[in-house]
Amino acid sequence: MVAKNLLIMGPPGSGKGTQAARIAERRGLAHISTGDMLRAAMAAGTTLGRRVKDIVDGGDLVPDALMLELVMYRLGQPDTAAGFLLDGFPRTVAQAEGLIEALSGDQVLDGIILLEVPEDVLVERALARGRADDTEETIRHRLRVYLDSTRPVLAALNGRLDRADIDGVGEMDEITARIEAALGA
Ligand code: ADP
């Protein structure tokens, strides 16, 4: 697939953050993680951070309009010119439609990397990772939110963007190699 402006999608705990950082680094793409952006805003105690804290801590979704604004601002920065890898966005069909509509002619989405990991493996991994927003209840809730709100994005974009479905179970390096093989030279 054309591997310039990409989305990486996958359930919480699929390892998409780690893989996104690696793939972006190797390919010189701007890695845009909305989860990282929100956590940084929360840690810095900015207006945005205070506004989203309870939502993020509870494993719910920040409102679409706010996320779209945040992402479009970020996509307007010069380091995205060589390509970008969006990690954690879009997370709803409305975000996906909003993104496609808001991108101007010189920025088009090329493809989706989908990391596939079975549910029991996800819960196990997330508990072992131990991030502040990772209690078992929150993990299960975030998984539910993924299935209800994010998974439908794949159907909505089906046939409109190339997609590489990647088996996300295995060693980190092995999974990176699978993604690289799917993206091609
Ligand atoms: P994970 O990698 O575990 O799936 P992220 O780091 O991507 O989680 O995001 C953490 C939290 O930040 C989400 O559970 C959600 O509350 C919020 N968030 C991140 N991206 C979005 C988005 N595109 N829309 C709404 N909320 C978001």
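A nonpolar core is a set of buried Ala, Val, Leu, Ile, Met, Phe, Trp, Tyr and Cys residues joined through side-chain atoms within 4.5 Å, where buried means under 20% relative accessible area and exposed over 50% (1.4 Å probe, protein chains only). The model is predicted, with pLDDT of at least 70 needed for local features and 80 or more for side-chain atom pairs, while totals for chains, interfaces and linings use all residues. Numbering starts from 1 along each chain as its sequence is written, and side-chain values use heavy atoms, without hydrogens and water.

**View 1. The largest nonpolar core has 27 residues.** Leu7, Leu86 and Leu99 touch the most other members. Elements giving two or more residues include strands S1 (5-9) and S3 (84-87) and helices H4 (64-75) and H5 (93-102); helices (H or I, at least four residues) and strands (E, at least two) are DSSP runs, numbered from the N terminus. H4 gives the most, 5 residues.

**View 2. Contacts of Leu86 (heavy atoms within 4.5 Å).** Neighbours within four places in sequence aside, Leu86 contacts Leu6, Leu7, Ile8, Ile32, Val71 and Leu99. Another core, of 14 residues, lies apart from the largest one and has Ile8, Ala20, Ile23 and Ile166 among its members.

**View 3. Helix H1 covers residues 16-27.** Lys16, Gln19, Ala20, Ile23 and Ala24 of H1 are buried. Seen down the axis of H1, these residues fall within an arc of 130° (directions from the helix axis to the C-beta atoms), so they line one face. Glu25 and Arg26, on the other side, are exposed.

View 4. Gly28 follows H1 and has a positive phi, near 65°.

Notes
The expected span of a helix is 1.5 Å times one less than its number of residues.
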